[in-house]
Structure formats: structure tokens, C-alpha cells
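Dear colleague,

I am handing over the structure below, together with notes on what was found in it. Please read the notes with the coordinates open beside them.

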Amino acid sequence: MVRLEAITFDLDDTLWDNGGVMRRTEDGHYAWLDATLADWLSEHGEAARPADERGRFAERFPLEAFIERRQRLAGAHPLRRGDFTWLRRRALAELLGEYGLEAEHAEHWAMRAMERFMVLRHEVMPHEEVEALLETLGQRYRLASITNGNVEIARLALGRHFPVAVAAGELMAPKPDPRPFLAALARLGAPPSRALHVGDSWVEDALPSQRLGMQAAWIGPDDRALPAGIHRLDHVRELPELIAWLVKRR
């Protein structure tokens, strides 16, 4: 019998489908920056080269260039590789500087673009079962979220279910590093042997939590052989059945 006291959750692609969110967010905030910056330059063109000489920002630096710059920064700053907000803001500031903006303006517009990014990033639609699931589980177990992403769970309605929220990238220890799991468990006051982690990544969720001695609910796409302590789900909606089985088995 497994005695559970706490459950930790990954967020992206566990409690909602994240692919569409990120496509809309990536495209949306970059298009916003391109359009809004062009309007600003048309009014303040004297601050640097004329707009007609400069060209549009997204023409000079298409989205692919922004992605490549983030990847280069992650390689140059390995401790920051999981801090996606920092990487994005730094990459934008660098590109805007190369575009011809003074450092102060480059930092300003990088910050404004990230503000827009974060608005779009939080326009997520949790799976329809998630609200009731967390409400029920929270009455019996202590809950936490552990994410490598930059969603601030407190900005979502679901945030009320998570008194503990760990942003692993900001710890400079993205999963599969054990530290975000240990930080969450310490704040929950639960040992690994009495905790369950739920996530969609084999490498970043299932394996590291199982190695710590937690039970792991892996929302995975195949039927690979599972080591003891890892249990496969097709969808988070199946979690109550797994929990019932865990706490009753002998």
C-alpha cells in the first residue's frame, strides 16, 4: 500500500495542450512588437536612422533569427538555459540593439514585448476535467506545480489549487534536475515516498521523480516497459483511478 500525502504536477501538456498556445504566443508577441515598434519609429524616427533605411524589425530579424539567438544564449549561459523569460528578453534586447535602437530603447521594447508575450502565454485552456480534479484532490492531498515553462500559475484560475508553485528555470535547475522536486516536497512537508508526480515527459517528469523515490504518473504515448514506480496514463483524467489503485494495493 502506498501512503500518499502530496501530489506534484507538471503544467504544460499535462493540465492543458500547450502546442497551440505557444504557436499563438510566439507569433503573436513578435508580430505585436514589429507593428508597435514600426508605429513608434514613425513618430520618433529622429532617434536613429530613418525608418525607410532601417526596414521593418521582423524583416531584418525574422522569427527564426530570434529562435536562433535564444538557442545561442542558452549555450553561452548554461545556468540560464531553463530561464526562458530571461533568454527571450535578453535575445530581444540584443536584436533590437543590432537593429539600431539605443540600449535604453532596446531594453524598453524587449520588456514591452515580453509583457505582451506573458499575456498571450497565459491564455491557456485546461482540459475540461482539470478544475474538478484539482478541487477534489486538494481536499485530501497537498498539491504543488513544478514547471520548466514560464507560466505563472498564480495568474490562472487554477492557481488557487497550488499553494506551492516551483518555476524550475528560475531556480537555474530545470527538470530533470532533482532540485525542483526536492524544493516542492520540502515546502509541502512530504517525503518522496509519500508523494506522486504527474507529468507528460519521460525524461523530465517520470524518471527523475521515480529516482527520488516518488511514484510517477507518466502521461505518455506508448506502452514501453515501465520500471517500478512509474505508471502510464493516456490522459490526466485517469489520475483518480491510478491513485485509488496505489493507495489500496498491497
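**A buried loop residue and its surroundings**

Leu15 is buried, since its relative accessible area is 0% (buried means under 20% relative accessible area, exposed over 50% and partly exposed in between, with a 1.4 Å probe and protein chains only). This is a predicted model, in which local features need pLDDT of at least 70 and side-chain atom pairs count only at pLDDT 80 or more, while totals for chains, interfaces and linings use all residues. Residues are numbered from 1 along each chain as its sequence is written, and side-chain values use heavy atoms, with hydrogens and water left out.

Leu15 lies in the loop between β1 and α1 (19-43); helices (H or I, at least four residues) and strands (E, at least two) are DSSP runs, numbered from the N terminus. Leaving aside neighbours within four places in sequence, Leu15 is in contact with Phe9, Asp10, Pro126, His127, Val130, Leu134, Phe162 and Val236, where contact means heavy atoms within 4.5 Å. The C-alpha atom of Leu15 is separated by 9.4 Å from that of Glu128, although these two residues are 113 apart along the chain.

**Helix α8**

In helix α8 (residues 179-188), the buried residues are Pro180, Phe181, Ala184, Leu185 and Leu188. Seen down the axis of α8, they fall within an arc of 135 degrees, so they line one face of the helix. The exposed residues Ala186 and Arg187 are carried on the face of α8 turned away from the buried side. Among the elements that cover the buried residues of α8 are β1 (6-9), β2 (142-147), β3 (164-167), β4 (195-199) and α9 (202-211). Just after α8, Gly189 takes a positive phi of about 70 degrees.

**Helix packing around α4**

Helix α4 (residues 63-76) packs with helix α5 (residues 84-99) at an angle of about 120 degrees, the axes being 9 Å apart. Axes are lines fitted to C-alpha atoms, for helices over the stretch in contact, and angles run from 0 to 180 degrees between N-to-C directions. That makes α4 oblique to α5, given that angles under 35 degrees count as roughly parallel, over 145 as roughly antiparallel, 65 to 115 as roughly perpendicular and the rest as oblique. The contact involves Ala65, Phe66, Arg69, Arg70, Leu73 and Ala74 of α4, and Leu87, Arg88, Arg90, Ala91, Leu92, Glu94, Leu95 and Glu98 of α5.

α4 also packs with α1, at an angle of about 110 degrees and with the axes 11 Å apart, and the two helices are therefore roughly perpendicular to each other. Here Glu26, Asp27, His29 and Tyr30 in α1 meet Leu63, Phe66, Ile67 and Arg70 in α4.

**The chain as a whole**

The secondary structure of the protein chain comes to 10 helices and six strands, and buried residues make up 49% of its 250 residues.

Technical notes. Arc of directions from axis to C-beta.
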